[in-house]
Amino acid sequence: MRKGLFGSQLGTVFTLLLPIIYIVIAVLLLFTGIDTAIFAKLLGGLAIILGAAMIIQYFLTHAYLDTAAYGFSIGALAIVLGVCILIKSEDVANSLSVLLNICIMLTAIVKLQNAIQLKFQHSVWWIPVLCVSLAFLVCTVLITIDPFTKDDGNTSVRDTFTYIVLLCDGVVSFANALLLRFVMRRAARFPMPENGQG
């Protein structure tokens, strides 16, 4: 019971909250003109707060009784990362596009897995989800090889492209999460008969 609850909570956070975080980050970086060093400090502070919240929840919900619950470990990791980001905020600011590109790559691969899940649920949506995931993976490759930066070392075009891709990824990931939940609930409500049965 606890194991299922923990998995459900973690899945909800990852599939619904993470895209919203992507959108907020992208909007801040694209439209507010916030300094990346200040943004890195805010990110570090947010990581510490979220980590502390996860640790508190771990003890309040008695998750330590479940050997499959890793809320404490994830929370502690978030706090340590937050402290490191605060200490090295300038370095994080300089590598922000690289870090965001890794985040985009992560959710693109998740969408690739979602396409496989939709395929085995016999949903026609698996093809557009697959195409979208591959498109985002292509974008991550473009950000990595960086054809935007010329010899002058100005990375503003690459950075802007990264923020736009992050914004699109957040919107698409949120819609994809809702789609996957709808398909899975529908499949649970109306299970398809096994081959040769029913």
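Let's start with contacts, meaning heavy atoms within 4.5 Å. Among contacts in the protein between residues at least 6 apart in sequence, 74% join residues that are at least 24 apart. This is a predicted model, where local features need pLDDT of at least 70 and side-chain atom pairs count only at pLDDT 80 or more, while totals for chains, interfaces and linings use all residues. Residues are numbered from 1 along each chain as its sequence is written, and side-chain values use heavy atoms, with hydrogens and water left out.

**The overall layout**

The protein has seven helices and zero strands. Helices (H or I, at least four residues) and strands (E, at least two) are DSSP runs, numbered from the N terminus. Read from that end, the elements go α-α-α-α-α-α-α. Of the 198 residues, 30% are buried. Buried means under 20% relative accessible area, exposed means over 50%, and partly exposed is in between (1.4 Å probe, protein chains only).

**Two helices side by side**

Two packed helices are described by the angle between their axes and the distance between the axes. Here, helix α2 (residues 36–60) packs against helix α3 (residues 71–87) at an angle of about 160°, and their axes are 7 Å apart. Axes are lines fitted to C-alpha atoms, for helices over the stretch in contact, and angles run from 0 to 180 degrees between N-to-C directions. So α2 and α3 count as roughly antiparallel; the label applies to angles over 145 degrees, with under 35 being roughly parallel, 65 to 115 roughly perpendicular and the rest oblique.

Who meets whom? On the α2 side, the residues include G44, I48 and F59, and on the α3 side they include F72, I79 and L86. The residues of this contact divide into 16 nonpolar, six polar and one charged. For that sorting, Ala, Val, Leu, Ile, Met, Phe, Trp, Tyr, Cys and Pro are nonpolar, Asp, Glu, Lys and Arg are charged, and the others, Gly among them, are polar.

**The nonpolar cores**

In soluble globular proteins, nonpolar side chains tend to be buried together. A nonpolar core is a set of buried Ala, Val, Leu, Ile, Met, Phe, Trp, Tyr and Cys residues joined through side-chain atoms within 4.5 Å. The largest one has 15 residues, and I25, L29, L96, L100, I104 and L166 touch the most other members. The elements giving two or more residues to this core are α1 (2–31), α5 (96–120), α6 (126–145) and α7 (156–189). Apart from it lies another core of six residues, L118, V129, L180 and V183 among them.

Back to L166: leaving out residues up to four places away in sequence, L166 touches Y22, I25, A26, L100 and I104.

T140 sits in helix α6 and counts as buried because its relative accessibility is 1%. Not counting residues up to four places away in sequence, T140 touches N101, I104 and M105.

T149 is in the loop between α6 and α7. T149 and D159 are 10 residues apart in sequence, and 9.7 Å apart in space from C-alpha to C-alpha.
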